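Please read this briefing alongside the sequence and the coordinates, which are shown just below.

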Amino acid sequence: MSEIIKIIRTKREDRTNKDLWLVWNKLLDAPFISIRKSSKVVNDILDRLLFTSKSRIMSYEFCQTTFKYSYIFGINPPQQEFYRKIGGNLHYVMEILYNYVNVDDIIKLRNIKNYIYNLIYSLIPEKFSDRIFNYIDVMVKNIALFEDSKVQRIRTTGGLTKENLERYYYPIKEERELGIENYITYECGKVDATYNIYNEDTGKDSILVVDYKFGVPKYMDTYIYAERSIRKEVCFYKRLMKEAGSMYIDKDGNMQLFQRREADYGMIIYFQDLRTAKAFKMEPGDYYDLSITINKYWDSIENNSFNQIHGAQEWCMDRCPYFWKYCYPYENKWKILRSMGNIFSEQET
Ligand code: SF4
């Protein structure tokens, strides 16, 4: 095993000063970022790197430099706080929502939109300012719409019976918000929900793995969030579920054995825009693609080789929180100027 990865996977208390020094010299090399030179700080960074996760892989895939700032140096752009607050609240609600939705109510109310909408507001833990409320309200309405459309699908595919609702409307009970830590592949993640869905083609049930998103759909930016990337995200969960056959941590923090057959479909729902909600059947090539990315990811950490974004430098300037403070002054200046035909003044260069 390579040097840095071996140190990452060594228990904190067994890492030597020589190990930490090596990491410091090899990986934490940015003179413009101030990191306190202490064994605690380096150990914390190494612990942070123990697992890959879907978010890390997607951040790495999007721009390796972003990944480095965010996950290695631990610099969180302030703008993300807004989304984190919203995401945290709504993820929490989705975790507990189904404990409050009653089958008899669904059957009684032909349209459950208002019912779900009010229920969500009664469960959100925080009160928000107008600015956040306006942003959140779109998503709450869309969640209600989505829940309603699930019910309508059950109505048209098998009939709105108590049995069908229990089977297809609710997430599969034991796998709601499933946290997985795999010490064999060093991958971790939290699956938001898994559902049974009736597959008309086969006449059998399939498993659907769902990831909820409460941020801005990436495809709305100038950076096109290709379907391929979405599939890759879902692939990560499916790979995690399949390969994490050995162990997972349950909600009470206990290690459990976990064996589940591979899910057939995956879905990522951006609640800002439900048009993105589409179930994908995974192609074998998706897993291959993901494995290549994961190998590259570890290779970058080992060799401290992090490349910058996909050539779209104008995107960086407008949208990336790291651009003005880090990338432009220290890392990327000349490359950016060349790619933009030198829109900055001579003095700035
Ligand atoms: S400014 Fe561009 S290259 Fe730099 S971290 Fe952000 S996205 Fe990556």
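This is a predicted model: local features need pLDDT of at least 70, side-chain atom pairs count only at pLDDT 80 or more; totals for chains, interfaces and linings use all residues.

Eleven residues surround the ligand, helices α2 and α3 pack at an angle of about 75°, and four strands form an open sheet.

**Ligand shell**

- Among the eleven residues that surround the ligand, the closest are Cys63, Gln308, Cys316, Cys320 and Cys327.
- Two helices, α5 (64-72) and α14 (323-339), each supply at least two residues of this shell, and α14 gives the most, with three residues.
- Sorted by class, the shell around the ligand has seven nonpolar and four polar residues, while no charged residues are found in it.

**Packing of α2 and α3**

- Two packed helices are described by the angle between their axes and by the distance between those axes.
- For helix α2 (residues 17-27) and helix α3 (residues 39-48), the angle is about 75° and the axes are 10 Å apart.
- Because angles of 65 to 115 degrees count as roughly perpendicular, α2 and α3 are described as roughly perpendicular to each other.
- On the α2 side the contact involves Leu20, Val23 and Trp24, which meet Ser39, Val42 and Leu46 in α3.
- The residues of this contact of α2 with α3 divide into five nonpolar and one polar, with no charged residue.

**The open sheet**

- Strands of a sheet pair through backbone hydrogen bonds, in either a parallel or an antiparallel sense.
- Here the four strands run in the order β4-β5-β8-β9, and their pairing is mixed.
- The edges are taken by β4 (193-199) and β9 (279-281), each of which has a single partner strand, so one side of each is left without a neighbour in the sheet.
- From one strand to the next, the twist averages 35°.
- Within the sheet, strand β5 (residues 204-213) and strand β8 (residues 265-270) pair in the parallel sense over six bridges, and the bridge partner of Lys213 in β8 is Tyr270.

**Arg231**

- Arg231 is found in helix α11, which spans residues 227-243.
- Arg231 is classed as buried because 22 other C-beta atoms lie within 10 Å, where the cut-off for a buried residue is 20 or more.
- Leaving aside residues up to four places away in sequence, Arg231 touches Phe280, Met282 and Asp286.
- Arg231 and Glu283 are 52 residues apart along the chain, and their C-alpha atoms are separated by 8.8 Å.

Terms used
Residues are numbered from 1 along each chain as its sequence is written. A residue is buried if 20 or more other C-beta atoms lie within 10 Å of its own, exposed if 12 or fewer, and partly exposed in between; C-beta atoms are placed from the backbone. Two residues are in contact if their C-beta atoms, placed from the backbone, lie within 7 Å. A residue is near a molecule or strand if its C-beta atom, placed from the backbone, lies within 6 Å of it. Ala, Val, Leu, Ile, Met, Phe, Trp, Tyr, Cys and Pro count as nonpolar, Asp, Glu, Lys and Arg as charged, and the others, Gly among them, as polar. Axes are lines fitted to C-alpha atoms, for helices over the stretch in contact, and angles run from 0 to 180 degrees between N-to-C directions. Angles under 35 degrees count as roughly parallel, over 145 as roughly antiparallel, 65 to 115 as roughly perpendicular and the rest as oblique. Two strands pair if DSSP finds at least two bridges between them.
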